[in-house]
Amino acid sequence: MESMLNKLKSTVTKVTADVTSAVMGNPVTREFEVGRHIASGGPAMAWKIFHGVKKSTKQEVAVFVFDKKLIEKYQKFEKDHILDSLKKGAQQLTRLRHPRLLTVQHPLEESRDCLAFCTEPVFASLANVLGCYDHLPSPVPTEIKEYKLYDVEIKYGLLQVCEALSFLHSSVKMIHGNLTPENIILNKSGAWKIMGFDFCISSSNPSEQELTFSCKEWDPNLPSLSLPNPEYVAPEYILSVSCDLASDMYSLGGVMFAVFNDGKPIFEVNKQDIFKSFSRQLDQLTRLGPNILHKVPEEVREHLKLLLNVTPNVRPDADQLSKIPFFDDVGAMTLQYFDSLFQRDNLQKSQFYKGLPKILAKLPKRVVIQRILPYLTSEFVNPDMVPFVLPNVLLIVEECTKEEYVKLILPDLVPVFRLQEPIQVLLIFLQKMDLLLTKTPPEDIKNTVLPMIYRALEAPSIQIQELCLNIIPTFANLVDYPSMKNALIPRIKSASLQTSSLAVRVNSLVCLGKLLEYLDKWFVLDEILPFLQQIPSREPAVLMGILGIYKCTFSHKKLGITKEQLASKVLPHLIPLSIDSNLNLNQFNSFMGVIKEMLSKLEAEHKTKLEQLHHMQEQQRSLDLPGQFSKVAESKENTDSQIDKIFTSFGVDVSAGANRKENGSASNSQKQVKAPLTMEEKQRLAKEQEQVQKLRNQQPLAPKAVKVSAPSKQTKDLTSSLLENMSSMNSLSMNASKPGPVQSVSSSGFSSPSPVNTNMGFSGSSTSLNSLGSMSNGMGFNTSMAFQTTYGNSMAMAGTGQNFYGSRSATGISRVPMSSAANLPTYSSMGALGQPGPGSISQPGKTVDLSALDNLLGPQKNNKVTLNQMAQPMQKPPAAQNQWLKQFVPAQGSPATNSPMGGAQPGVMGQPSFTMTSLQANPFMSPQDFTQPSLPTNSVQPSSSANNDLKDLFG
């Protein structure tokens, strides 16, 4: 950027050096910087006009420079004559001060190469505008080439010239003597001003009423720079060597004709034979017809004829001409009023500014910007007038381009943005805020415009706050998001919470509702919705505003409310508000409608999620290997079943309600879009799938059959064998089984110590509420047998795969798959005779062979009963067996059937199982320490021979 500026500076410096070489060395350059060549003017267009800046104040000026190289061809006395004439004109202009005369900023300075003086900023001369481009830079500046005079500019320009002549004639008593388009300068604002007093003539008797002026005889031998322009000089000046105030009026008529005739004068004079030309001119002046004046507006033709009349006395003076109807134009009068505005008081100004917008619409844009805008912006220093001036300035801004606004208007508006008094200024800006935000650059918006909005939100005036809140949504799309998020929204929230006005609070909520579409979802969920819960008042309008924000957020496509927010924050806030006593029926219905929509969405989304999870679990379960997850599934089913039973005990039919709900919402759930799973759920399901895949790839776990070794022929321990057989006999005496395919079971129910899994053949840990469990300790005893409660289950004996302690409910029974049960290893059991294995097995309908024990008794002296015969009395007929069992098993339908230890519980194949009373036994004692219940007297008769044999054997 800096390099570009340096390059631009060097280029400008080079151009300036080329065009201002004549100015170098002139004292004017000590105080002023001379810039580019912009125009030309003065007698014979000899003065070059440059743009300049005063070094001390940076004030813009125009530098008039006459290069002496233009007169090098003349002789010395001619040069001196020309220079004297030019010096006279500049010096006279410096002495005269009037709004219609060109204002001199620095007097004439002469150097060896040039003459120079400085004036107010200038656009061009009237001759340049009309198409005379002498002594202009090449190429001709486009702003001059394309400049077009509007009717209002022509009217007011001619009126200004009339005012200037009136000042010269009435106040100064002077004749201009050379009023031409070259000597009429258009300043930067477009005002027409007079210069070129080189041939002015002062009155010889200024104190008398009739002024007399002495003029010099026309000398055609003098250079053109030493003589007035003959095309605009009155005939009497040439022909009769006389002049009057009317001579300037003739010149004004010639200028008026040239303005309407594209810069061409009414007559072209032959300067070599000027007297003949003027003689012919007199004849034509007396016969001015429509063919000559056809370009002149009809309303001013007659007055133009009077100005160009041969007789000076017929010509109107300047005051009379300024009052003709041609100048009674609204635009011209408006511009004239602006020129005299400094003389008016505030009341007159305010009345004028109120009607100005109607006039501005009729004026050309360039006229408004060049002529009217400077006057309006100058009033900004008067705070009392700003409310009247500002609407007109903003009306001009609408017609300006963005570049024109930034260059011409914005610098003057910046101080006004900071005004806090009068309050109407802020109101006007707020009403035109969209215009300002459209035209103002972003950096200026952030630094000047938005701070004004923030002040309006914090203003003590309720009217200002209401207006600001109402118009903010209209230009919200023009406010950058960081400013809205960090500055605008917090101030709106603060205004809503701190105000005591209901209107401000309601408008704040409405404003926030309209701004939701410009905000992102998470900002609304984190900042806007929690703010609604902080609003203290409960007026119906406020409650409906809160509901509106919730509804807009909930239904907006870009925003939306998550189900977690709905469940935890939104609905807990809305539901209490819905029953507020201030709400009427329609308002209550509105609340309930929104709440129902939210509940429906919440239900649909969460149900969809649960359905997806259930579906994935079903898929996972179908991938599981047989039996690998049976215990987990069984535990889950038991839990669900027990929970259902609990609710059923309270009279709640869970399954029926769920079925009704499922059937009622089946059609709706199919229409709902399934909500995606969360990341944590997806990760968990992925891990479970990996685990299933690993289990699938593993070899199935099959238990190996235990090979039964052949009985050894080694000598047995007779004592231990005898004790075991005696224990078996005692067990058989207590157990009677019916013939059939069902295996008999032991009455004691104790498992023999063995290195098998303690859960083998029994249910594992169960979550069933009715089951106490049947875990065996390491010694093979069931640890819960002796501690069953009154509500415990009966100690039902079952075959393979049956729970040792069965639950009264079907869901409490653990089942081992048949495939795995068939492959279980066989173990001998002292207490469970029905288990397969090498142990002592008792089958129904078969007797126990005790002949092996006969050899242990030694040679028999007498005919003694064998052990097989001793065991025969124990095998009772079924009737006796049933009679013996009836002592422990009550009849069907008796109260004992429902007792914990009574009743015939079904076995594996439907056979009744034997139950015992609770045994007060230490679970860690060996089975031999348990006392068997006394048998009935009629059950088994003791054998005296057997007892004698035993006494002989053991003493």
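Author: The helices α13 and α14 are roughly antiparallel to each other, where angles under 35 degrees count as roughly parallel, over 145 as roughly antiparallel, 65 to 115 as roughly perpendicular and the rest as oblique. This is a predicted model, in which local features need pLDDT of at least 70 and side-chain atom pairs count only at pLDDT 80 or more, while totals for chains, interfaces and linings use all residues. Residues are numbered from 1 along each chain as its sequence is written, and side-chain values use heavy atoms, with hydrogens and water left out.

Reader: At what angle do α13 and α14 pack, and how many Å apart are their axes?

Author: Helix α13 (residues 346–360) and helix α14 (residues 365–378) pack at about 165°, and their axes are 13 Å apart. Axes here are lines fitted to C-alpha atoms, for helices over the stretch in contact, and angles run from 0 to 180 degrees between N-to-C directions. Helices (H or I, at least four residues) and strands (E, at least two) are DSSP runs, numbered from the N terminus.

Reader: And which residues of α13 and α14 meet?

Author: From α13 come Tyr353, Leu356 and Leu360, and they meet Val368, Ile372, Tyr375 and Leu376 in α14, contact meaning heavy atoms within 4.5 Å. The residues of this contact divide into seven nonpolar, no polar and no charged. In that count Ala, Val, Leu, Ile, Met, Phe, Trp, Tyr, Cys and Pro are nonpolar, Asp, Glu, Lys and Arg are charged, and the others, Gly among them, are polar.

Reader: Then α19 and α21: at what angle do they pack?

Author: Helix α19 (residues 442–457) and helix α21 (residues 481–498) pack at about 15°, with axes 9 Å apart, which makes α19 roughly parallel to α21. The contact is made by Leu450, Ile453, Tyr454 and Leu457 of α19 together with Ser483, Ala487, Leu488, Arg491, Ile492 and Ala495 of α21. Those residues divide into eight nonpolar, one polar and one charged.

Reader: Switching to strands, what order does the open sheet of three strands have?

Author: The order is β6-β8-β9, with antiparallel pairing; two strands pair if DSSP finds at least two bridges between them. At the edges stand β6 (122–125) and β9 (192–194), each with a single partner strand, so one side of each is left without a neighbour in the sheet.

Reader: Which way do the residues of β8 point?

Author: Ile184 and Leu186 point one way from β8 while Ile185 and Asn187 point the other way, and all are buried, meaning under 20% relative accessible area, with exposed over 50% and partly exposed in between (1.4 Å probe, protein chains only).

Reader: One more: is Pro181 buried or exposed?

Author: Pro181, in the loop between β7 (174–175) and β8, counts as buried because its relative accessibility is 3%. Leaving aside residues up to four places away in sequence, Pro181 touches Ser125, Leu126, Ala127, Leu130, Tyr232 and Val255.
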